[in-house]
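Subject: Structure for your review

Hello,

Please find the structure below, with notes on what was found in it after the display.

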Amino acid sequence: MSKADVFAKAGKTAVLQNIHGTMEFLRKFPPFNQMENAHLAYLVENCHLRFYAAEETIVAPENGVVQYFYIVKQGRVYGERSASDTHGARSTFEITAGECFPMAALLGERATRTAHLASEDTFCLVLGKPAFAKLIALSEPLRDFAIRGVSSLLDQVNQQVQRRAVESLGEQYSLDTRLGDLALLQPVFCLPSMPLNRAVHLMNEQHVGSVVMVDTELHPLGIFTLRDLRRVIASGIDDLTQPIARFMTQQPFYLPPDASAFDAAIAMTERHIAHVCVVENGRLRGVISERDLFSLQRVDLVHLAQTIRHASRLDMLAGMRIQIRQLVDNMLAHGASSTQVTHIVTLLNDHTVARVIELAIEDMGDPGVPFTWLCFGSEGRCEQTLYTDQDNGILFEAQDPDETARIRGKLLPLAERINLDLAQCGFSLCKGKIMAGNPEMCLSRQEWSRRFQSFILDSTPEHLLGSTIFFDLRVVWGPTDGCEQLRRELLEQIEEQTLFQRLMAENALRHRPPAGRFRDFVVSRKGNDKTPTLDLKKEGLTPFVDGARLLALANGIEATNTQERLRQLIEAGIVDAKDGSAYEEAYQFIQQTRMEQHQQQAREQLPYSNRLDPDTLNHLDRRILRESFRQAQRLQASLALRYHL
Amino acid sequence: MKLFRFGLGSSSKLEPRQQERLQALRRLQPLSDCRLADGRFVVVDLETTGLNLRRDQVISIGAVVIENSAIDFSQMFERTLYRERIKISASILIHGIAPSELATGSDPVEALLDFMEFVGESPLLAFHAGFDQRMLLRALRESLAYRMPHAFFDVAEIAPLLRPEANLRNAGLDDWVGYFALHVLQRHNASADAMATAELGLILLKLAHRQGIETLAQLEQRLNGWRRTQQPQHSL
């Protein structure tokens, strides 16, 4: 290299100082933090920095096809859509430092639908369309972000959650992993004619807890596990050379390789099994064991569920709440979604409730009349976190008022006892007395039916509140027919009562999501709190729950779970597929944030609270939470439109 | 005699190609033609070995271009100038340019020619422009025997002219950056300071437009008036 070249090079590297500084700035924000260095440098080297004074328009529909890509370097930008139907202009969103716009218009090669204005003195990095187009072609993270927007951010959050898990547990493990991708060892199998002792020898040699019986085509015929061996030995057996076919469990449960680890965990819990065969096109591909799934965890789900189902005393059940908390902790750490966690919590809670009822009956004697244990509210929607009140009731069949009173008299003492026992197991007593031990909540089917009818026809505020709790009913224990019949009646009546629907819609707009125009979040001080906070449950989740309930009930959808309701509403064509899945993602993210906060509070032995100081979130979480609240606002706006509110 | 020989010697030392480049530097456009909204301005910041206008030397040049009311990231200039036997002074500590870095810097003749080609016919903008102008003029005279005819505008004057209500007197770059709440990424190297000055420049261009100032000539006129009002207070 000549001296001149060395000089030129030294000079050139110095040129990069401002470029480098701007790249460093962008690297704090997604999607720029995921872009390759060279691509980010290309972006910066080709952009301009522009200044916009407060209230100045940056880009507007009347400017025609969008020519620039903007990134806010400093300041704030808000969107304003001129709404012809309502009074004047309406602000729709806010964009702050590190965020970019107008992505959809740029990709669609059209004008923006929204005017973008500076809400305070603002600097934007501005990139011309040709450079943007080139960059989109080069950079996958930017392309992904441009096309999928906030959804791609959600993926990042999941990665972030898992990274945190890796930090604390030292190994990556996700419940979303395909069973086919879990490193399955060559499954251990044999023909059904193999003698028992040789099959056990095989298991011992291969260090496995199960062996699958197959035919010559590898079709699974049965499974034999260590648990079976224990049973066989305990039953007293003389001839260990009998064929294994005599002892195996026939038609073993199996899943396809595309099923997730989570599916396997659920199957094990529901079926009380410890091994699941993985079968593709009828042929055995592998076996996944409880141990494979939860080898990292101290507490395992299946074991926990079994312990609950077989607990012989109440204090054992109560003691298990701590283990459930640890399990949830582990699951969150392993990247489980809030949906998976609420599903598991609901499952374990259902097991606990069922066992409490059985133990109470064992202790107090069978009342001699069949009854159904119902749950309402979040429990009814399968959306319980670990910290929920009891919302339950009893349904029974009776012919006339006399019989009704007689049966109620028999059931009430038992119900009261169950309520108290549940309280001991960590289900706090319901302040609103929505508990089966309350005579008002221990009703015959006809009585429930009359009550629900009065909710629909005579809409007092109290009835309206009642409908938001009781209409999410579900059976936890006992026969299910009565409840199903009740639900069918309910749906038929609501479908006809448009006035009731309208009142429910009004009710669904009561809690406004805390996303503001001039600040990210609308926060308020509660009591003596030093820092202002927002309510994740009331302000964040309730709008989705109320909205999904109303639309489901009004359209004959039987599901009670909010996400399931949304999915069925999409299928039925009542909610747009894109909107619906955006609502679902947003709901799930808020729920996840709430659960992580609860787990944190439990670890720090603080009373649990749904109030969150958004300043404690990292940048990415903060931005997605804000987007999620905006989705809640959109859902409410669509309800207002639908019901002319 | 040493000084004389230095000045003459270095200009006579120019290689033929460097002489050609020097001759090719373009003439200036009149200020009245230079519109603020769509003109090109070079915002410059220098680092020097000290504050002595006669003895200290330029050790680095940072420049940012404002064109069509935007800072253009494809036009950035920074050169560290190669200087022999440089003394470590306070300025070096502030600017953080290590003697080793200066030793690998560009040949001053090349760097200054590069800079003048980069500037072209555009007027210059700097904070406390008087200092930068005189340091640069001397460096150009000594290294290239070139008299720089360009106009310099001082952001330290324009800012209080257009924003008297800020009530900032004899304020430094940091004061104005603080006043307009600019998020400056890093400071105290020539290009970052030029960038901060240029961001101030963008705000000032907008203020000028709102106050009916459309060309550099109009700005110059307003500045002259403003300087007269400032003088009595200074002489007190």
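**Contact between the chains**

The contact draws 28 residues from chain B and 25 residues from chain A; two residues are in contact if their C-beta atoms, placed from the backbone, lie within 7 Å. On the side of chain B that touches chain A, the elements giving two or more residues are β3 (70-80), α5 (108-119) and α9 (190-210) of chain B. Helices (H or I, at least four residues) and strands (E, at least two) are DSSP runs, numbered from the N terminus. With 10 residues, β3(B) gives the most to that side of chain B. By class, the side of chain B that touches chain A has 12 nonpolar, 9 polar and 7 charged residues. Here Ala, Val, Leu, Ile, Met, Phe, Trp, Tyr, Cys and Pro count as nonpolar, Asp, Glu, Lys and Arg as charged, and the others, Gly among them, as polar.

This is a predicted model, in which local features need pLDDT of at least 70 and side-chain atom pairs count only at pLDDT 80 or more, while totals for chains, interfaces and linings use all residues. Residues are numbered from 1 along each chain as its sequence is written, and chains are lettered from A and ligands numbered from 1 in the order in which they are written.

**Strand β3 of chain B**

Strand β1 (residues 47-52) of chain A pairs with β3(B) in the antiparallel sense over 3 bridges; two strands pair if DSSP finds at least two bridges between them. The bridge partner of A:His48 in β3(B) is B:Asp72, and that of A:Leu49 is B:Ile71.

Within chain B, strand β2 (residues 58-67) also pairs with β3(B), in the antiparallel sense and over 7 bridges. B:Ile61 has B:Arg79 as its bridge partner in β3(B). β2(B) and β3(B) form a hairpin with 2 residues between them, and B:Asn68 in the turn has a positive phi of about 50 degrees.

**Chain B as a whole**

Chain B has 10 helices and 5 strands. Of its 236 residues, 38% are buried, that is, 20 or more other C-beta atoms lie within 10 Å of the residue's own, with C-beta atoms placed from the backbone. Among the contacts in chain B with a separation of 6 or more, 71% are between residues 24 or more positions apart.

**Strands in chain A**

Strand β10 (residues 210-214) of chain A is mostly covered, with 4 of its 5 residues buried. Strand β9 (residues 189-190) of chain A runs parallel to β10(A) and is joined to it by 2 bridges. A:Phe189 stands opposite A:Val212 in β10(A).

Elsewhere in chain A, 3 strands form an open sheet with mixed pairing, in the order β13-β14-β15. β13 (254-255) and β15 (283-289) of chain A stand at the edges with a single partner strand each, so one side of each is left without a neighbour in the sheet. Strand β14 (residues 275-280) of chain A and β15(A) run antiparallel and are joined by 6 bridges. A:Val278 has A:Gly286 as its bridge partner in β15(A).

**A helix pair in chain A**

The axes of helix α16 (residues 445-457) and helix α18 (residues 481-496) of chain A come within 10 Å and cross at roughly 20 degrees. Axes are lines fitted to C-alpha atoms, for helices over the stretch in contact, and angles run from 0 to 180 degrees between N-to-C directions. That makes α16(A) roughly parallel to α18(A), a term for angles under 35 degrees. By class, the contact of α16(A) with α18(A) has 6 nonpolar, 5 polar and 2 charged residues.

Regards

Note on methods:
Angles under 35 degrees count as roughly parallel, over 145 as roughly antiparallel, 65 to 115 as roughly perpendicular and the rest as oblique. A residue is buried if 20 or more other C-beta atoms lie within 10 Å of its own, exposed if 12 or fewer, and partly exposed in between; C-beta atoms are placed from the backbone.
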